[in-house]
Amino acid sequence: MIDLKSTDAFRDRHIGPDDHETKQMLGAIGVSSVDELISQTVPPSIMRTTELALPAAQSEYNYLKELRKKAQKNKIYKNYIGVGYYGNIMPAVIRRNVFENPGWYTQYTPYQAEIAQGRLEALLNFQTMVADLTGLPIANASLLDEGTAAAEAMHLFWGVKNKKDAEFNKFFVSNLCLPQTIDVVKSRAGILEIEVVVGDHKTATIDQSYFGALIQYPAVDGNVFDYKDFTDKCHSVGCAVTVACDLMALTLLTPPGEWGADCAIGNSQRFGVPMGYGGPHAAFFAITDEHKRIIPGRIIGVSVDAQNNPALRMALQTREQHIRREKATSNICTAQALLSIMSSMYAVYHGPQGVRNIALRIHTLASVLKSELTALGYKLSSEKIFDTITIDTAGNKDLFAKINSIALQHETNFYYSCNNYVSISVDETHQPEDIADVLAIFAEAIGKAGYKADVEKIAAGLDIKAERTSTYMTHPVFNTHHSESNLMRYIKSLENKDLSLTKSMIPLGSCTMKLNAAAELEPVSWAEFGGLHPFCPVDQAAGYQEIIRELESYLSEITGFAATSLQPNSGAQGEYAGIQVIRAYQKDIGQGHRDIALIPASAHGTNPATAVMCGCKVVVVATDDKGNINFDALVKKVEEHKDNLCCLMVTYPSTHGVFEDNIKDVCALIHANGGQVYMDGANLNAQVGLTGPGFIGADVNHINLHKTFAIPHGGGGPGMGPICVAAHLAPYLPGNPLIKTGGEKAIHAVSSAPYGSASILLISYGYIRMLGPDGCKKATQYAILNANYIKARLEDHYPVLYTGASNGRVAHELIIEFRHFKHTVGIEVEDVAKRLMDYGFHAPTVSFPVAGTLMIEPTESEDKAEIDRFCDALISIKGEIEKIQNKTWDATDNPLKNAPHTVEMLTAEEWNHGYTRQEAAYPLPWVKEGKFWPSVARINNSFGDRNLVCTCPDVASYA
C-alpha cells in the first residue's frame, strides 16, 4: 500500500547509489549484498545488537512543517542585551549569494589553493578589514569565538614569556571583560596552572610575575576607557596586553594598535551575521609583527604562481598541528571561514564610510539614551560610551526587579548583571521609536507613566564626534562594490574561481564531504532561530531548548553514551573538552597526577596538540605494517606509564581507514591500568547504526557534526564538535556563567555560548529526523560500500596501503600509494593532486596520515556515475605516468609537472610542450562538459612564506 503521509523518502535523496547501481557495485566488489560486505568489514565483536532508538524518518515537507511549530515556540523580543552579541542587518545580497549559496558553503578548507582563489580573496579581505580597524599589522582568517580567541592569546603570550622556564604564571583579566570570555580563559588557564587574576585595571598592581593582561574595549558596562597608561605600565614589566574589542566601535574609537596593544581579539558577528542563539560567528585575532609566525589559526598570504602571476594561499602551514603535533602552539584546525567571508562582504558592501555611518547612528541613539536616563534621575555607571549604557540600581533591588518586570511586559530584554546593574546595548536594527520605547519603560519604573521622548529632536541637540583620526579600509575592494549589482557580480566572480560540491565530489579522506541538504539548511535562515540572543531568558527559547534536548538524546543513543554536551564549537574544541572532562574526573577521584596521553603515530595532528594544551605529556604508540596500533608496543607503553596514565586518544576506524579487530582489547588494557579512552569522532561516519564508541569501550568521544551529521564545511568552518560521555564523566560536562548548562561539577566553559554554534545544530537535527534510524544506518553502509567500490576499481592500478586483516576490506576511506613514482619517474603525490584539477576534481587528502599517499573518502552521497568519473581520472593519470616511464613525455615537461593548466596557459600564442593543448585541458572526453578552470597555475609556496604579505596588496602592486 502506498504511504499516505509521503512518497518522498529523504534517504533516497541523500544516498547516492540507487538499487541498480548498488547491484553493479556489489558485483565489482565480489559480494552479494550490502549486509555481506558489512559483515566482512566491521568486527562482529563491536556490532550493535539493537537498532537505533530514534524517531521514524520524515519527509522534507513534513519535517519542515513540524520544525516550524517548534520555531514558533521561540519568542523574538526586542533585544538590548549586548554582552558580545548584537542584532544587525544582513544585506539580502549577501544572504542570497553567500549564506544560502552551496557554491560557498560546500567548499572545503583551501588547502588546494589553485582552485580556491575566490574564498582566499574573501578571507584576505577579512584579514585586511581586521588589521585596518584594530591598527595592528597582521590578522588571521578567523577563530572560533571571542572567548576562545582570548584564551589563544593568553596561551600564546604564556609560551612567549616562558620559553625557558615557567616563572611567569600570572594573567590579569579586567573584571569588565565579558563574563563568558573570563570563564573560557579560566578553563584554559586552570589546566596549565596559570593564575588568572580578575580585577580593576585602574587599581591593579602589575609586576614582573605577570606575562599578560586582557582588557575589554569598550568594557562590558559600556565604558570606553583610555588604556594607554595601563598598557605602558604592563609593558614596563614585560607584560603583553591583549584587547578584546568591537570592530563596529573601532570605526569611531582610537584603535588598540595606536595606543600600544600587542594583540586585539573579538567577534565580527555584528558585521552582518545573525546571533543564532550563540553562533556560528567569526572571531578575529590581530597581533604585532613580532609574533606573526606563531599566530593561531589560518593565515591567508600573497604569493605567485608558476606563471609569476599574483596568487593567494594559506601561509605558514608548517606551524599547523599536522606537522608540529605536540609542539603546536594551538589545536585550532577549522575555524569560521564562511562567517568571516560574510563579515568581509558586509565591509565590502558598506565601505569605510558606510560602516562608520552605521556606527555613528548606533552611538547617537545610545547617547540619546544616556542623556535622557540621566535626565530621568537614573544613576549611570557608564561615562564615555559607544553603544552601551549601564544603570546602577545596586541600592534599590525593588527598582531592579521592577525594570525587569515592565520590560518583559513590553517584550524587551536588557542585560541584568548579578550585582543589580542593568545594561542597555543599542545595535544596527534599532530605530528612534525603539529608543523612545526603552525610555518609556524606565520612566514607568519610577512612576512616570505616559512619558514619551522625541528621540530625533534630542539627538539633534547632542554633540556627536568620532574620536578616531586614522583611516581604514582604504583598499579599492572596500570602495568599489557598493551597489547591489556590483557586489552580486563580485561575489559571483569569486565563487566561480572555487571548486565546491556544486561542481564535483570532494573525496577528502577524514573530512566526510557529504551532501549538505537544502532542507537541512533552510531553517538556519528563519528569523525565529537566527534572531535569538544566546543569553535571553530560557523560556523565550523554548523551541531551541526542545531541539537541543532531543539532539543530545539522539547523539547519546547513536554513540552508546549516557550524556552529551553541545557546547564545543569545533572538532578541536571537542577534543579539548573531552580531555578536560577526563582530567576533571580524575582530579575529583584523587588521580589528578595522571598526565600521560598515549597517542598512536597515525593520529590526527590535533590530538597531540590538544593533549599538550590540557597539560598532558604525549607518548606516541607505534603502528604496525598493516596500519593498526601495535598492540605489543601499546602494552609496553601502558606498563611503563600505568601510574600516571591519563588516557589513550584513538581514532576508530583508524586514520588508516580500517576497523581494527582488537579495539575492545585496547580499551580494556587502558581501563585496567587506570586510564580513560578518548575516541576521536573523525571517522564516526563508518559507525552510525552499526556500532558506537560506547559499545566499543570508550569513555568519551567528540563528534564532528560538520562531517558525519551534514553541517557544511563552509570553506573552512563553521564546524561543531559536541562530546558524548559515559555516565561517570557526565557530571563534568562544561558549564556557562550566564545560562545553566553541563553537569553538577561542570568544568569552566570551553566556548563563549552555552550551546556553541547553536543555529547550525538545526542541520544535524534535520539530518537525523529526516533519515530516521534506518536511513542513518543505511548512510553508514553506503559510505563503506562506496569506499570498497573505489578500492575494487583502483587496486589494479595503484597499491591500496591498508586493508582489514581478515577480508581485505576498507572502512569508509582508503589510502592509495604513490611514493614509488617519486623514485622511478620523479612524479610526486602533489603532481597528481594538481593534475586532478585539470580533470575537474579536488584532490583527496594529500600525504596524511602517510606521506606520499592520497586518502580517499567518497561518502554515501556520491552515486556510481560520479565515483566512476573520479576513478577514471585517477586511472587516466596512471596512464600519463606510464607515458613518462616509457619516455613518450619528458620527465620534467609533462601534464603532471605543469598542472594545473589555466586558460591563460592554454591560449598563449606559443605552446612549447611535448604534449598537446588538448591533452592538457581535456584529458578525458567528459571533461569538456562544464569544464572547471583553475584560475591560477601552480602556486609557489616557499615564495609566499619568505615574503609574508597577509593583507590586500596595495594598488601599485596591481600595476
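Visitor: Which residue of S8 is the bridge partner of Gly 266?
Guide: Helices (H or I, at least four residues) and strands (E, at least two) are DSSP runs, numbered from the N terminus. Strand S7 (residues 263-267) and strand S8 (residues 283-287) pair in the antiparallel sense over five bridges, where pairing requires that DSSP finds at least two bridges between two strands. In S8, the residue bridged to Gly 266 is Phe 284.

Visitor: At what pLDDT do side-chain atom pairs count in this predicted model?
Guide: Residues are numbered from 1 along each chain as its sequence is written, and side-chain values use heavy atoms, with hydrogens and water left out. The model is predicted: totals for chains, interfaces and linings use all residues, local features need pLDDT of at least 70, and side-chain atom pairs count only at pLDDT 80 or more.

Visitor: Which strands are the edge strands of the open sheet of seven?
Guide: The strand order is S2-S8-S7-S6-S5-S3-S4, with mixed pairing. Strands of a sheet pair through backbone hydrogen bonds, either parallel or antiparallel. An edge strand here pairs on one side only, which is the case for strand S2 (138-139) and strand S4 (195-199).

Visitor: At about what angle does helix H9 run to S4?
Guide: Helix H9 (residues 179-191) lies across strand S3 (170-174), S4 and strand S5 (210-217). Axes are lines fitted to C-alpha atoms, for helices over the stretch in contact, and angles run from 0 to 180 degrees between N-to-C directions. The angle between H9 and S4 is about 160°.

Visitor: Which strands stand at the edges of the sheet of three?
Guide: This open sheet has the order S11-S14-S13, with antiparallel pairing. Each edge strand has a single partner, so one side of it is left without a neighbour in the sheet. The edges are strand S11 (388-392) and strand S13 (415-416).

Visitor: Which residue in S14 is the bridge partner of Tyr 415?
Guide: S13 and strand S14 (residues 421-425) run antiparallel and are joined by two bridges. In S14, the residue bridged to Tyr 415 is Ser 423.

Visitor: How many residues of H21 are buried?
Guide: Helix H21 (residues 571-588) has 18 residues and reaches 26 Å from its first C-alpha to its last. That is close to the expected 26 Å, the expected span being 1.5 Å times one less than the number of residues. Buried means under 20% relative accessible area, exposed over 50%, partly exposed in between (1.4 Å probe, protein chains only). H21 is largely enclosed by the rest of the structure, because the buried residues number 15 of the 18.

Visitor: Which residue with a positive phi follows H21?
Guide: The phi of this residue is near 80°. The residue that follows H21 is Gly 590.

Visitor: Are H2 and H29 parallel or oblique to each other?
Guide: Helix H2 (residues 19-29) and helix H29 (residues 864-885) pack at an angle of about 40°, with their axes 10 Å apart. Contact (heavy atoms within 4.5 Å) is made by Glu 21, Gln 24 and Met 25 of H2 and Lys 864, Ala 865 and Ile 867 of H29. Angles under 35 degrees count as roughly parallel, over 145 as roughly antiparallel, 65 to 115 as roughly perpendicular and the rest as oblique. The two helices are therefore oblique.

Visitor: Is Thr 859 buried or exposed?
Guide: Thr 859 lies in the loop between strand S24 (853-856) and H29. Its phi is positive, about 65°, although Thr 859 is not a glycine. With a relative accessibility of 1%, Thr 859 counts as buried.

Visitor: What is the relative accessible area of Glu 411?
Guide: Glu 411 is not a glycine either, yet has a positive phi of about 50°. Glu 411 lies in the loop between helix H14 (397-409) and strand S12 (412-413). Glu 411 is partly exposed, with a relative accessible area of 44%.

Visitor: How far apart are the C-alpha atoms of Leu 771 and Glu 495?
Guide: Leu 771 lies in helix H26 (residues 761-794) and is buried, at 1% relative accessibility. Leaving aside neighbours within four places in sequence, Leu 771 is in contact with several residues, including Phe 10, His 14 and Ala 57. Leu 771 and Glu 495 are 276 residues apart along the chain, and their C-alpha atoms are separated by 30 Å.
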